[in-house]
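Colleague: I am new to this structure and would like to learn how to read it feature by feature. Could you show it to me and begin with the terms that I shall need?

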Amino acid sequence: MCGIAGFWDNTKQLTLSSLKLMTDSLKHRGPNAEGFFEKDAVFLGHRRLSIIDLSDSANQPMTSLCGRYTIVYNGEVYNFKQLKSEIDKQNAQYQWRTTSDTEVVLAAFIHFGHDFVKQLNGMFAIAIYDNVDKRLYLYRDRVGVKPLFYYHQNGLFAFASELKSLLQIAQIKENLTIDKEAIEQFLHLGYIPQPQTIYKEIQKFPQATMACFDGQNLQMESYWNLPQQITETINDETSAKKQLQFLLEDSISGCMISDVPFGTFLSGGIDSSIVTAVAQHLSTTPINTFSIGFEDAHNEAEYAKSVAIHLQTAHHELYLKERDAMALIETFLSVYDEPYADSSAIPSMIVAQMAAKDVKMVLSGDGGDELFLGYGAYTWAKRMNNPFFYLFRKPMSYLLKHGNNRTKRIASLLNYSGQYRKSHIFSQEQYLFSQEEIQYLMPKSTFGSHIQENYNSNKHFSIEEQQALFDFNYYLPDDLLVKVDRAAMQYALEVRVPLLDHRIVELAFSLDVNLKKRGDISKYLLKEVLYDYLPKSLFDRPKWGFSIPLQRWLQKDLHYLIEKYLTEENIEPLQLFNYNQIKLLIYRFDNGETYLYNRIWALIVLVKFMTELYNH
């Protein structure tokens, strides 16, 4: 796990010191080593967090024996040993210099060609320069676990693992403008969906994409499309369970390859518990497990402890006072580089900081809800597809908005135009602004979603599965995986996500919907596998998210953030909002409509970001 950065500078204005500024800003991602490459107009930089092959010979940038190809790479490829064996079969004379996966990735590019990425199983952002053909190749993993941003303007092409790295270059920073459409998307979703960033001139490199840059043009091509990968529907439960269990064990086994101590994040929920249970089953010694909880608050730390005791792991737990999390509120936003409203990033940072004291790598359970229909939004998607709901949604919304907070939430959910229904369901489940609310809030709004809500596939996906595909393509890579990556890498901790092995993803979306949700039982098949490792009684309780009591905090201890940021003095100069709408929103929140808290929070995050940006 590392941080990468680089540029192709036809302007001849940048130097190696420019590249060093970029990599210095990524030091937290790779504190163990740094390296640089310069050839022609191409500069590549790397910060290393050593996980596999800790020797200096595995440092990057790494150049091939022939001297033609150079790689910088962030991530892990779990099937590198199999790829190495295949290369040896074709070229028995190949001289390996390391035991690292980096060398195998570079060799695979040379031996299998530019589309070698289709053979990789892992999480990665890769840049490879061919100094003979003068081509720079870029790759990002299928699911979007590892981040990659790029800028292409005025004779300069630059890329980096984080936005802050690109901002180290003056000719980039001075050329940036705010993307107002991205602001609208942020208020609607709580994050900025790809390919957008908060800046018009910088984009997110899409997941499952490979690209070639020749010094002038950037040609991009998708190498994996989930809906089109699904060619069958699996109905047989016995066979499906056997396949899922095999893939889980194979994926987790690959994710456990490490030359440093590792562990798992264990919240006590289904997803982290199955990853931990399988990992402990495959291990000959107790694995490290990490969980946190808040004193005097409901959380899953006790459930995590019960799972850890049953599995006999080496369990680490930390109980915090709420003020410990509050202390991070105003600082965590700088970690994410652009407006980002997922407040569960705060406990994620705390547990990452805790784990980093004992290990350098952890396994996480991200992805289970999207793959196996674990979210309540999927139930609402099915309800709202009912012709009765659709026909009478407006009058029902009108009646319900005069009730209590719960019915007002449902009223907001039912009040939609029919366009962008998937993003609307998501936004209302997350207590964020609807499309209609944004048009009142931002008078110049031209709300138009960049989000793809319809998919071509050989399989007919149910309404719930279509909503899950929306989450898989946007919420997962642009919110959840961003949260985990930045929170963990801030403390030089690598996080691997075995449930998002593309083979498991393809299997999950091939399953008949009744194998994922049976009656009121969500994640049905995943739970059936889990119960082979852990007793069902440990999980007989409602689902509880990994979150902080933000609503209560904004009513009391954090109310000062409203008073500090959501003022007319701060907001009017932005020339974005109708301040009367914000004033009304605050009034409603302060007078009992507490379900509006996440809308308030999103505005605080955005205004804080914007005012600090303009003040600098």
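Modeller: Let us begin with contact, which means heavy atoms within 4.5 Å. Before using it, please note that this is a predicted model, in which local features need pLDDT of at least 70 and side-chain atom pairs count only at pLDDT 80 or more, while totals for chains, interfaces and linings use all residues. Residues are numbered from 1 along each chain as its sequence is written, and side-chain values use heavy atoms, with hydrogens and water left out.

Colleague: With which residues is Asp478 in contact, leaving aside its neighbours within four places in sequence?

Modeller: Asp478 is in contact with Tyr191, Ile192, Pro193, Gln194, Lys204, Tyr340 and Asn473, once the neighbours within four places in sequence are left aside. Asp478 itself lies in helix H20, residues 463-489; helices (H or I, at least four residues) and strands (E, at least two) are DSSP runs, numbered from the N terminus.

Colleague: How far from Asp478 is the nearest side chain of opposite charge?

Modeller: Two ideas come first. A salt bridge is a side-chain nitrogen of Lys or Arg within 4 Å of a carboxyl oxygen of Asp or Glu, and for charge Lys and Arg count as positive and Asp and Glu as negative, with His and the chain ends not counted. Buried means under 20% relative accessible area, exposed over 50%, and partly exposed in between (1.4 Å probe, protein chains only). Asp478 is buried yet has no salt bridge, and the nearest side chain of opposite charge, that of Lys204, is 5.4 Å away. The side chain of Asp478 does, however, reach the backbone nitrogen of Gln194 at 2.9 Å, where a polar contact is a pair of N or O atoms within 3.5 Å; within protein, one must be able to donate a hydrogen and the other to accept it, and residues adjacent in sequence count only if both atoms are side-chain atoms.

Colleague: How many salt bridges does the structure hold?

Modeller: The structure holds 33 salt bridges. In one of them the side chains of Arg47 and Glu34 meet at 3.1 Å, N to O, and this pair links distant parts of the chain, with Arg47 in strand S3 (residues 42-48) and Glu34 in strand S2 (residues 33-39), 13 residues apart. Arg47 is buried, with a relative accessible area of 6%, whereas Glu34 is partly exposed at 37%. Arg496 forms a salt bridge with Glu494, the closest N and O atoms being 2.4 Å apart; Arg496 is buried at 0% relative accessible area, and Glu494 counts as buried at 0% too.

Colleague: How should I read the buried residues of a helix, and which are they in helix H10?

Modeller: An α-helix has 3.6 residues a turn, so residues three or four places apart point the same way. In H10 (residues 301-311) the buried residues are Ala301, Ala304, Val307, Ala308 and Leu311. Seen down the axis of H10, these residues fall within an arc of 120°, so they line one face of the helix; the arc is that of the directions from the helix axis to the C-beta atoms. They pack against helix H9 (270-282), strand S14 (288-294) and strand S15 (314-320), and just after H10, Gln312 takes a positive phi of about 60°.

Colleague: How many disulfides does the structure hold?

Modeller: A disulfide is a pair of cysteine sulfur atoms within 2.5 Å, and the structure holds 0 disulfides. Cys66 is in no disulfide, the nearest cysteine sulfur, that of Cys212, being 17 Å away.
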